[in-house]
Amino acid sequence: MKTRRVYSTADLDHARSAMRAARESGVPDEDLSLIARSDIELEEIPENRKDEHTDFKPAAVRGLAEGGATGLVAGLVGMAIPPLGVTLAGAVAVGAAGALVGAWTNALMGASTPDPVRRKFEGEIEAGRILVVVDGDGEDGERADRAVVATGATPLPFEQPTALS
């Protein structure tokens, strides 16, 4: 499972240097991203390097799982009550409908919720610092950590398993 690590850098040049070090230590490009104040992001950071601003995708996935499970349970309960006449296919259909509704509602809520890194380091971001986010696992993550810190990036206290590892 991959672990998300966050580093603070003074400017875009330092952030690029930290990302280059992480890449050279074996971290794939898709596991690297940057977070900065919106005016810095608009002017300086390429679109493919920006980290997601919201909890949209993880919320949608959680909603899909939770809604599907709830819908399936509701369908099975419906099957247990003979006067309702719910068949196995009906229970599966209710489960699918629950998954869709759960994904849709959670995604809507997640779209308005900032991602956990932005929430935790709001002060760093507002101060104009650029955060480098590295997702790595095992020895690759440790090697990347040493390489990024060697560039002068400051590690921030945030280690969490990534949602979709």
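What we have here is a predicted model, where local features need pLDDT of at least 70, side-chain atom pairs count only at pLDDT 80 or more, and totals for chains, interfaces and linings use all residues. Residues are numbered from 1 along each chain as its sequence is written, and side-chain values use heavy atoms, with hydrogens and water left out.

So, the overall layout. The protein has 7 helices and 4 strands; those come from DSSP runs, helices being H or I with at least four residues, strands being E with at least two, and both are numbered from the N terminus. Reading from the N terminus, the order is β-α-β-α-α-α-α-α-β-α-β. There are 165 residues, and 39% of them are buried. The accessible surface is about 9000 Å², with carbon and sulfur atoms accounting for 61% of that; areas are from the Shrake-Rupley method with a 1.4 Å probe, and for residues only the protein chains shown count as cover.

Now contacts, meaning heavy atoms within 4.5 Å. If you take contacts between residues at least 6 apart in sequence, 77% of them join residues at least 24 apart.

Ala60 gives us a case to look at. You'll find Ala60 in helix α3. Leaving aside residues up to four places away in sequence, Ala60 touches Ala103, Asn106 and Ala107. From Ala60 to Asn106 it's 46 residues in sequence, and 5.3 Å in space between the C-alpha atoms.

Let's go inside. Which residues have the most contacts within the largest nonpolar core? They are Leu34, Ile130, Val132 and Val134, in a core of 17 residues. The elements giving two or more residues to this core are α1 (12-24), β2 (32-35), β3 (130-136) and α7 (138-150). Of these, α1 gives the most, with 5 residues. Another core, of 9 residues, lies apart from that one, and Val117, Ile125, Leu131 and Val133 are among its members. By nonpolar core I mean a set of buried Ala, Val, Leu, Ile, Met, Phe, Trp, Tyr and Cys residues joined through side-chain atoms within 4.5 Å.

Staying with helix α7 for a second, Ala144 sits there. Is Ala144 buried or exposed? Ala144 counts as buried, because its relative accessibility is 1%. Apart from residues up to four places away in sequence, Ala144 touches Ser25, Val27 and Val134. The C-alpha atoms of Ala144 and Ala22 are 4.9 Å apart, although 122 residues separate the two along the chain.

On to charges. Side chains of opposite charge can pair when their charged atoms come close. How many salt bridges does a search of the whole structure find? The count is 4, where a salt bridge is a side-chain nitrogen of Lys or Arg within 4 Å of a carboxyl oxygen of Asp or Glu.

One of them joins the side chains of Asp135 and Arg4, at 2.8 Å from N to O. This pair links distant parts of the chain, with Asp135 in strand β3 and Arg4 in strand β1 (residues 3-9), 131 residues apart. Both Asp135 and Arg4 are buried; for Asp135, that's because the relative accessibility is 10%.

Another pairs Arg23 with Asp29, with the closest N and O atoms 2.7 Å apart. Arg23 is partly exposed because its relative accessible area is 35%, and Asp29 is also partly exposed, at 36%.

Then there's Arg129 with Glu124, where the closest N and O atoms are 3.5 Å apart. Arg129 counts as partly exposed at 26% relative accessibility, and so does Glu124 at 28%.

Leu72, Leu76, Met79, Leu88 and Val92 make a nonpolar surface patch of about 430 Å². Patches take residues with over 30% relative accessible area and no salt bridge, joining like charges within 9 Å and nonpolar side chains (Val, Leu, Ile, Met, Phe, Trp, Tyr) within 5 Å. Leu76, in helix α3, counts as partly exposed because its relative accessibility is 43%.

Key. Buried means under 20% relative accessible area, exposed over 50%, partly exposed in between (1.4 Å probe, protein chains only).
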